[in-house]
Amino acid sequence: MTKFKFIDLFAGLGGFHVALEALGGKCVFAAEIQPHLQTVYEENFGLRPAGDIRTVVPSEVPDHDVLCAGFPCQAFSKAGDQAGFNCSRQGTLFFDVVAILQEKRPRHFILENVPNLLKHDEGKTYERIKQDLEALGYCVTERQFSPHHFGIPQIRERAYIIGRLGSLEGFAWPERESNPTDITDVLLDSPDDAKPLSKQTRLCLEVWNQFLELSPPEVHLPSFPIWSMEFGATYPFEDTTPYAERTRGGAEALGVYLGTHGKPLKELPLDEQWKALPSHARTAQLQFPKWKKDFIRANRKFYEDNRHWIDPWLPSVKSFISSHQKFEWNVQGGERDLWKYVIQFRASGVRVKRRTTSPSLVAMTDTQVPIIGWQGRYMTPRECANLQSLGALRHLPEPQGRAFAALGNAVNARVVEKVARALLFQSVCCLEELIITECAPSPEAV
């Protein structure tokens, strides 16, 4: 492929750099706000990124053919507050990208973000993004991809937005692959730096494994998240909420109900009543959203249908923190032994997945790193780098916590390479056609 120049904004560990360099590109500028990531980037690529993009003067950015940017996603993520452009710290960074595009006018750009960006604020956020890019003369399109679409054992949907000056005629998104994946492909043999499970973590997993063992074979385990705190609870949720009842009638109104794991609210002070409710029921809402009502209703029905075997088990889960009292069994039809699978502790609960894929890497704390159940250990930073197609990097941040956080924020280099190859290959074809057309003699000359 023809040599081209690119820039790498919000560079992180350099997923865009790895991908575009593999296609023959040369990085002429990078920007990354975190000093320790600037250092790692320089160690890996020999180029030290500039700092805060808000201080970058667009006219001083070198000329380039491709702009790459995985601009921060927290303002648009379902896991965040979804403040969007109203987030003063991160929501407006897209406009710094626009300023560089307007000044330097590279022929192509590739942007990456969370899928919710496309739906945020009922689609109005992405509509604004697309309008701003098209106003600069770019033809713009978008598509969602996950690493598992290209043979990488990780489910991690991301939105890719690409643009080309003038026209995208002839461009086609890369085809998704259907080949099976297996997480063992990225695992190392007995890695020395693998973190073992803590006593509390192992206890939590043993308790939930007991839940699986006690469940009768004929009982279909829920595909929805299991919220054990709803087992025995009777507080209102369909037409009103604990907040609404508390506002109208105080402690007396709530006292007739049962809270988390069936704890009686009667005779408790108002503040203690509130603490005795599940955390998801303590929101200041007069009505719960439909999805929350559905989860509460489904959990209570599952408990009523199965309380004869759940009740003897229930006391063992009560001492855990709220997130550890929730469980997601994503192994429908599989053997009911969580130690045979990949596990991850999330704010939404203890998540169990098949070996075919890893849970999505997030900007992780040490405790959110995927657990290899059959080996009783956490994944290592190098294994997580393999999941992001960054296993060839010589250097990763230290200590491990910084490496996991950076990998959770990274773009997947192989997915980017697939997208970039499609965009730039078609661009070269179009350019060659243009050159042939311009060089060909006119009919009059003939």
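User: How should I read a charged pair such as Glu272 and Lys275, and at what N to O distance do their side chains meet?

Analyst: Side chains of opposite charge can pair when their charged atoms come close. Here the side chains of Glu272 and Lys275 form a salt bridge at 3.7 Å, N to O, the term standing for a side-chain nitrogen of Lys or Arg within 4 Å of a carboxyl oxygen of Asp or Glu. The model is a predicted one, in which local features need pLDDT of at least 70 and side-chain atom pairs count only at pLDDT 80 or more, while totals for chains, interfaces and linings use all residues. Residues are numbered from 1 along each chain as its sequence is written, and side-chain values use heavy atoms, with hydrogens and water left out.

User: Why are Glu272 and Lys275 separated by about one helical turn?

Analyst: An α-helix has 3.6 residues a turn, so residues three or four places apart point the same way. Glu272 and Lys275 are separated by about one helical turn because they lie 3 residues apart in helix H7 (residues 270-275); helices (H or I, at least four residues) and strands (E, at least two) are DSSP runs numbered from the N terminus. Glu272 is partly exposed at a relative accessible area of 37%, whereas Lys275 is exposed at 58%, where buried means under 20%, exposed over 50% and partly exposed in between (1.4 Å probe, protein chains only).

User: Which residue pairs with Lys290 in a salt bridge?

Analyst: The partner is Asp294, whose side chain meets that of Lys290 at 2.7 Å, N to O. Because Lys290 and Asp294 are 4 residues apart in helix H8, about one helical turn separates them. Lys290 is exposed, with a relative accessible area of 62%, while Asp294 is partly exposed at 26%. Salt bridges with shared partners join Lys290 and Asp294 with Glu238 and Arg297 into one network.

User: How many salt bridges does the rule give, and which parts of the chain does the pair of Glu230 and Arg300 link?

Analyst: The count comes to 20 salt bridges. In one of them, Glu230 pairs with Arg300, the closest N and O atoms being 2.9 Å apart. This pair links distant parts of the chain, 70 residues apart, since Glu230 sits in the loop between strand S7 (226-227) and helix H6 (242-254), and Arg300 in helix H8 (residues 290-310). Glu230 is buried, with a relative accessible area of 0%, and Arg300 also counts as buried, at 15%.

User: Is Gln344 buried or exposed, and what is it in contact with beyond its neighbours within four places in sequence?

Analyst: Gln344, in strand S9 (residues 342-346), counts as buried because its relative accessibility is 0%. Apart from those neighbours, Gln344 is in contact (heavy atoms within 4.5 Å) with Gly349, Val350, Arg351, Pro359, Ser360, Gln368 and Pro370.

User: Which residues of helix H1 are buried?

Analyst: In helix H1 (residues 15-22), the buried residues are Gly15, Phe16, His17, Ala19 and Leu20. Just after H1, Gly24 takes a positive phi of about 100°.

User: What does the protein chain as a whole come to in helices and strands?

Analyst: Its secondary structure comprises 11 helices and 12 strands, and 52% of the 446 residues are buried. Among contacts with a separation of 6 or more, 66% are between residues 24 or more positions apart.
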